[in-house]
Amino acid sequence: MGRPTSTRRGRAAALAITVVCLAYAPIAATELWPYASPGAPAIGEWLLGRTVSPEFVAEAVRDRMGPYTRSLAPLILHSVLGGLLMLLGPVQLLSAVRRRIRLHRITGTVFAVTVYVSMAGAALYLVRTPPEEAFSGAAFWIVLATILVGTVGSVTLGVLAALRGFPDLHQRWLLLCYGFLMTAPLLRLEWGFLPALYPGLSLQDINRVAIMHLGSLVSFGALLASRALDRRTTVPGLTGTWCPAPVMAAVHLAGAAGLTWITVAFLDQGTGGRRLLLAYAVPYAATYAVIAVRAARARVRGAHWAREEWRLHLAALCLAPAFSAVAVPVLERTMGLDRLTALIAGVGIGGGMLAYAAVTVVSLRVLYGRELLKRQRAFTAEPTDQPPVPVAATALAREGEDR
């Protein structure tokens, strides 16, 4: 692993993310204070009232008051620690890039513990709140629960990778974890600019538009960061590919079928369905185009490992619509949801879950290559491990057999 490729776009992206994190930290820390003490300062509400309208904020506060009041203490814990995580993320990335090992380990430990405690607060809210009574409804509840599981799972696997001495896998899992955490500030940004595109929509409807793509976009950002930090052309023991042409053809067919089903299902929901379909399809197409182009460029320059990782993520991206299409009827039956709610939830969780699966497969790909290399070395060294038998000892043994 090395330092990120020095490009203007890379530096600009890192700077933009750092600015967003630093700006959102005080917003997250103060967001729920007014629910505990009416009139308490809340930076986020103040900004939203001036970028959209005071009525928009008042409606949001009114709709959130009921669900939040039942679990206010754990939610405040979750929110305040979320602000701390926004500060720790850039420190973690910069300390890793600058190779400040001691600082990286100390802040990494604090980061992991903070994630667990913060997500515990969010979990209490979700457990205490029935999905249909949650803010923005059951679909938003399902997406929040999925992000929570993905965040906890990715930080856990990242810590285990570090303890086992796999820095490349540790880096990928922690970037994915931070990507899931970034859904919070990015959602607030959409609260600010989506009302300009869709005047008159409530905050609940804005949330439904946002969850169509947020999970996919943050996991895509984590992939871009992982590839920028990994300049290797191959990894130990990497041979062949886990995504040959027949596999890629099959996942593309499955993805096309899933996209067709999702398109028809959304179009059947009228104007609102077309709006949600647009919020899903445009980011999906852009993500697909970037990954496909990066995979092709990696093949041209002979970067076998980069091409393999891009293709694994491309396969997962193709399978995301198929997964969502299957998840919709399952959610309808198991949770008693109506078709539109199940459709929003199924599409909302598809991209993030398949990206998580892709990082899992990438990790298995690396571990398999290293295990294969280890066995090859053991097999090569096996004949030389046996000490030579002295000629005199062989003669004495034969003499004993003759007697």
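How many nonpolar, polar and charged residues are in the lining of the second largest pocket? By class, this lining holds 14 nonpolar, three polar and four charged residues. Here Ala, Val, Leu, Ile, Met, Phe, Trp, Tyr, Cys and Pro count as nonpolar, Asp, Glu, Lys and Arg as charged, and the others, Gly among them, as polar.

The model is predicted: local features need pLDDT of at least 70, side-chain atom pairs count only at pLDDT 80 or more, and totals for chains, interfaces and linings use all residues. Residues are numbered from 1 along each chain as its sequence is written, and side-chain values use heavy atoms, with hydrogens and water left out.

## Overall build

The protein has 16 helices and zero strands. Both are DSSP runs numbered from the N terminus: helices are H or I with at least four residues, strands are E with at least two. The C-alpha trace spans about 105 × 45 × 45 Å along its principal axes. Of the 403 residues, 46% count as buried. Buried means under 20% relative accessible area, exposed over 50%, and partly exposed in between (1.4 Å probe, protein chains only).

The accessible surface comes to about 20,200 Å². Carbon and sulfur atoms own 67% of that surface. The areas come from the Shrake-Rupley method with a 1.4 Å probe.

## Cavities and a pocket

Rolling a probe the size of a water molecule over the atoms shows where empty space is left. The search uses a 1 Å grid over the protein atoms alone. A cavity is a set of points where a 1.4 Å probe fits but cannot get out. A pocket is an open set with protein on both sides within 12 Å along at least five of seven lines. Lining residues have an atom within 4 Å of a point. Grid points are joined across faces, edges and corners, and a volume is the space filled by probe spheres set on the points.

The structure holds three cavities of 30 Å³ or more.

| Space | Volume | Lining |
|---|---|---|
| Largest cavity | about 690 Å³ | 35 residues |
| Second largest cavity | about 130 Å³ | 13 residues |
| Second largest pocket | about 390 Å³ | 21 residues |

Take the largest cavity. H78, L144, T183, A184 and R188 lie nearest its centre. Helices α1, α4, α5 (72–97), α6, α7, α8 (167–181), α9 and α11 (214–229) each supply at least two lining residues. The lining divides into 24 nonpolar, eight polar and three charged residues.

The second largest cavity has S219, H313, L317, G351 and A355 nearest its centre. Elements giving two or more residues to its lining are α11, α13 (270–300), α14 and α15 (339–385). Its lining has eight nonpolar, five polar and no charged residues.

In the second largest pocket, I27, G44, L47, R188 and L189 lie nearest the centre. The elements that give two or more residues to this lining are α1 (8–30), α3 (43–51), α4 (54–69) and α9 (183–197).

## Cysteines

A disulfide is a pair of cysteine sulfur atoms within 2.5 Å. By this rule the count is zero. C177 is in no disulfide, as the nearest cysteine sulfur, that of C21, is 12 Å away. C177 is buried, at 0% relative accessibility.

## Single residues

S136 lies in the loop between α6 (101–128) and α7 (137–163). Its phi is near 70 degrees, a positive value in a residue other than glycine. S136 is buried, with a relative accessible area of 5%.

S226 is found in helix α11. It is buried, with a relative accessible area of 4%. Leaving aside neighbours within four places in sequence, S226 is in contact with R172 and L175.

A325 sits in helix α14 (residues 304–335). At 14% relative accessibility, A325 counts as buried. A325 touches G258 and W261, not counting residues up to four places away in sequence. A325 and L186 are 139 residues apart in sequence and 26 Å apart in space, C-alpha to C-alpha.

Methods: Contact means heavy atoms within 4.5 Å.
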